[in-house]
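Morning, everyone. Please bring up the sequence and the structure, and I'll walk you through them.

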Amino acid sequence: MAIPGLNWLPGVRRWHAYNAAIRVEWACHALQTSDGSWVLVDPIAGPEDLGWNASGRPGVAAVVATNGNHERAALEWERETRVRLCAAPGSGLDSPAWHRLPLGPGWQDDWVVEDLTGGGPGEVALRIPGMALVVFGDDVVNLAGRSLELLPDRYCTDPARLRESIRRLVDAPFGRAVFAHGDPIEDGASRRIGSLLR
């Protein structure tokens with residue numbers, strides 16, 4: 001069964017909405033695993049016409065917050081479905097509902113949890129090698145009407161360390177990227193993101 005939402009590419013769904021409180025578009029993603037279940041990354045509530053209700057949430061294995069600011073609708077998912085909530089160390093999401101997301105390879109299938117130290121609290125990205133895809137939280141954004149950009153220094157815990165974290169990430173090339181804020185990149189993503197470091 002497929003999760004409702006925009007089918008960006010096989011195994012990846014995305015949906016987005018305007019958040020008036022922060023005056024920016026925010027997006028979230030559902031990623032299908034090898035067993036057919038889904039991992040939701042930074043989920044927001046979906047509109048009624050997409051069927052987001054307790055009885056219509058198929059096969060969700062886990063919810064991942066890419067940083068401590070992205071709790072979003074995670075607790076709602078946990079209350080209604082008892083799905084496992086995961087966040088990285090340092091995120092500040094330390095209530096009993098949250099489980100520690102291990103950094104490095106092997107968390108799910110061949111996925112890699114990339115540590116993006118220096119950005120927001122507990123910031124990570126998910127690398128999905130089989131899709132040549134990286135899923136970003138706040139550290140890289142691609143908002144409509146603006147250029148691709150790194151998280152502004154004023155929001156970083158350590159801007160220099162963030163740049164080093166991004167440099168390590170793009171040293172292993174990937175073609176596609178999706179963002180918690182902004183439009184996907186379908187080709188040449190690591191090259192384009194790497195150019196921000198010059």
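Ser190 is buried, because its relative accessible area is 9%. Buried means under 20% relative accessible area, exposed means over 50%, and partly exposed is in between, with a 1.4 Å probe and protein chains only. Ser190 sits in helix α3, residues 189-194. Helices are DSSP runs of H or I with at least four residues, strands are runs of E with at least two, and both are numbered from the N terminus.

A word on provenance. This is a predicted model, where local features need pLDDT of at least 70, side-chain atom pairs count only at pLDDT 80 or more, and totals for chains, interfaces and linings use all residues. Residues are numbered from 1 along each chain as its sequence is written, and side-chain values use heavy atoms, with hydrogens and water left out.

Back to Ser190. Which residues does Ser190 contact, leaving aside neighbours within four places in sequence? Val170, Pro173 and Phe174. Contact here means heavy atoms within 4.5 Å.

Val170 belongs to helix α2, residues 159-170. Val170 counts as buried because its relative accessible area is 14%. Not counting residues up to four places away in sequence, Val170 touches Ser190, Ile193, Gly194 and Leu197.

Next, the strands. Start with β2 (residues 12-19) and β3 (residues 24-32). They run antiparallel, joined by 8 bridges. Two strands pair if DSSP finds at least two bridges between them. His16 has Ala27 as its bridge partner in β3. The two strands make a hairpin with 4 residues between them, and Arg23 in the turn has a positive phi of about 55°.

β3 also pairs with β4, again in the antiparallel sense, over 4 bridges. There, His29 has Val41 as its partner in β4. This pair is a hairpin too, with 5 residues between the strands. Gly36 in that turn has a positive phi of about 90°.

What about positive phi elsewhere? Most residues other than glycine have a negative phi. Asp42 has a phi near 55°, a positive value. Asp42 lies in the loop between β4 (38-41) and β5 (60-65). Asp42 counts as buried because its relative accessibility is 1%. Ala132 has a positive phi as well, near 50°. Its loop runs between β10 (124-128) and β11 (133-136). Ala132 is partly exposed, at 33% relative accessible area.

β10 and β11 bring us to an open sheet. It has 5 strands, in the order β8-β9-β10-β11-β14, with mixed pairing. Which strands stand at the edges? β8 (104-105) and β14 (176-179) do; each has a single partner strand, so one side of each has no neighbour in the sheet. β11 and β14 pair in the parallel sense over 4 bridges. One example is Val134, whose partner in β14 is Ala177.

Now packing. A nonpolar core is a set of buried Ala, Val, Leu, Ile, Met, Phe, Trp, Tyr and Cys residues joined through side-chain atoms within 4.5 Å. The largest core has 21 residues, and those with the most contacts inside it are Leu31, Trp107, Leu126 and Leu133. β1 (6-9), β4, β5, β10 and β11 each give two or more residues to this core. β10 supplies the largest share, 3 residues. Another core lies apart from it, with 20 residues, including Cys156, Ile166, Phe179 and Ala189.

Last, the largest pocket. On a 1 Å grid over the protein atoms alone, a pocket is an open set of points where a 1.4 Å probe fits, with protein on both sides within 12 Å along at least five of seven lines; lining residues have an atom within 4 Å of a point. The largest pocket holds about 530 Å³ of space. It is lined by 18 residues, and the closest to its centre are Val24, Asp138, Leu151, Tyr155 and His181.

One more residue before we stop. Glu149 is in strand β13, residues 149-150. Leaving aside neighbours within four places in sequence, Glu149 contacts Asp139, Val140, Val141 and Leu196. The C-alpha atoms of Glu149 and Asp183 are 12 Å apart, with 34 residues separating them along the chain.

Key
Points joined across faces, edges and corners; volume = space filled by probe spheres on them.
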